[in-house]
Every structure is written in C-alpha cells, then in structure tokens.
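I would like to walk slowly through one structure with you, taking a few residues at a time, so please keep the picture in view as I speak.

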Amino acid sequence: QVQLVESGGGLVQPGGSLRVSCAASGSIFSFNYMGWYRQAPGKQREWVATITSRGLTNYADSVKGRFTISRDNVKNTAYLQMNGLKPEDTAAYYCKVVTMVQTYWGQGTQVTVSS
C-alpha cells in the first residue's frame with residue numbers, strides 16, 4: 001500500500017542542476033535506508049546514493065562531490081540534488097525504500113543532460 005511518487009526530472013544542459021524528489025505515502029513507519037538508482041538504455045540499473053535511517057549518506061564514485069541525497073522527515077520525502085550534470089548522467093532515476101517488511105520502488109523520472 002506504500003507508494004513512491006517521483007518528480008523533478010527533465011532536460012538540462014551540461015553543467016546544469018536538477019533536484020529530483022521522492023514523496024512516500026502509505027505506511028512507511030521505519031526504513032533501513034532510502035536510495036537513488038539510475039538506469040540508462042541498454043545498461044543495468046546502478047546505485048547512485050543512499051541515506052540511512054541515521055542520516056548517514058554514501059555516494060557512487062561517479063557522482064560523489066556533485067550529487068547530494070537528503071530527506072525531509074516531516075514531508076516524508078527524499079531528494080537528490082544533482083549539480084554539475086554531465087551527459088553520462090542521462091538516465092531514468094528511481095527512488096528505492098527498504099523497510100523491515102519489503103522493498104519499494106518509485107516509477108522513475110527521466111533526467112536528460114544534453115546541449
């Protein structure tokens with residue numbers, strides 16, 4: 001009954017910025033971690049960033065220093081701030097929430113970096 005609604009994707013020029021959001025509804029009372037993943041056409045889905053229930057964050061080497069994951073506990077929303085975007089960042093971005101019960105995925109939001 002949990003639903004993750006993603007938004008904020010779009011077309012941006014190289015060097016630009018975007019912030020994608022993941023709003024969770026339903027009965028998510030606790031989680032092990034929340035994360036962002038991305039998948040480009042013809043490639044496997046890869047991990048981008050994770051934030052734990054304690055607020056600890058980790059990033060893939062490819063985005064470290066450019067992307068920031070955060071969570072608003074009041075709004076029950078996770079964010080991925082993406083700065084200094086590169087063409088290789090082009091992908092569908094997916095929100096993932098892992099709880100004690102099961103894993104939930106968002107529907108994905110497309111981010112395209114092109115001039």
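Let me begin with a definition: a disulfide is a covalent bond between the sulfur atoms of two cysteines, and a pair is counted here if the sulfur atoms are within 2.5 Å. Please keep in mind that what you see is a predicted model.

How many disulfides does a search of the whole structure find? The search finds one, and it is formed by Cys22 and Cys95, whose sulfur atoms are 2.2 Å apart. The link of Cys22 and Cys95 is left-handed, with -80° about the S-S bond. Because Cys22 lies in strand β3 and Cys95 in strand β9, the pair ties together parts that are 73 residues apart in sequence. Are these two cysteines buried or exposed? Cys22 has a relative accessible area of 0% and is buried, and Cys95, also at 0%, counts as buried too.

From there I would like to turn to the nonpolar core. The largest nonpolar core has 30 residues, and among those with the most contacts inside it are Trp36, Val48, Phe67, Leu80 and Tyr93. Several elements give two or more residues to this core, including β3 (18–25), β5 (46–52) and β9 (91–98). If we take Val48 as our example and set aside residues up to four places away in sequence, we find that Val48 touches Trp36, Phe67, Leu80 and Tyr93, among others, and these partners are also listed with the residues that have the most contacts inside the core.

Next comes Trp105, which lies in strand β10 (residues 103–105). Trp105 is partly exposed, because its relative accessible area is 37%, and that value falls between the limits of 20% and 50%. Although Trp105 and Cys95 are ten residues apart in sequence, they are 5.7 Å apart in space, taken from C-alpha to C-alpha. Beyond its neighbours up to four places away, Trp105 touches Leu4, Tyr37, Arg45, Tyr94, Cys95 and Lys96.

Now please look at the loop between β7 and β8, where you will find Asn76. Asn76 is buried, because its relative accessible area is 16% and the cut-off for buried is under 20%. Which side chain makes a polar contact with the side chain of Asn76? It is the side chain of Arg71, at 2.8 Å. Asn76 also touches Cys22, Ala23 and Ala24, when residues up to four places away are not counted, and this brings us back to one of the two cysteines of the disulfide. The backbone of Asn76 has a positive phi of about 55°, although Asn76 is not a glycine.

My last stop is Lys86, in the loop between β8 and β9. Lys86 is partly exposed, with a relative accessible area of 36%, and leaving aside its neighbours within four places in sequence, it is in contact with Arg66 and Val113. Lys86 and Gln13 are 73 residues apart in sequence, yet their C-alpha atoms are 8.2 Å apart in space.

Key: Residues numbered from 1 in each chain as written. Predicted model: local features only at pLDDT ≥ 70, side-chain atom pairs only at ≥ 80, totals over all residues. Heavy atoms only, no water. Core = buried A, V, L, I, M, F, W, Y, C linked by side-chain atoms within 4.5 Å. Buried < 20%, exposed > 50% of the residue type's maximum accessible area, 1.4 Å probe, protein only. Helix = DSSP H or I, 4+ residues; strand = E, 2+ residues; numbered from the N terminus. Contact = heavy atoms within 4.5 Å. Polar contact = N/O pair within 3.5 Å; in protein donor to acceptor, adjacent residues only side chain to side chain.
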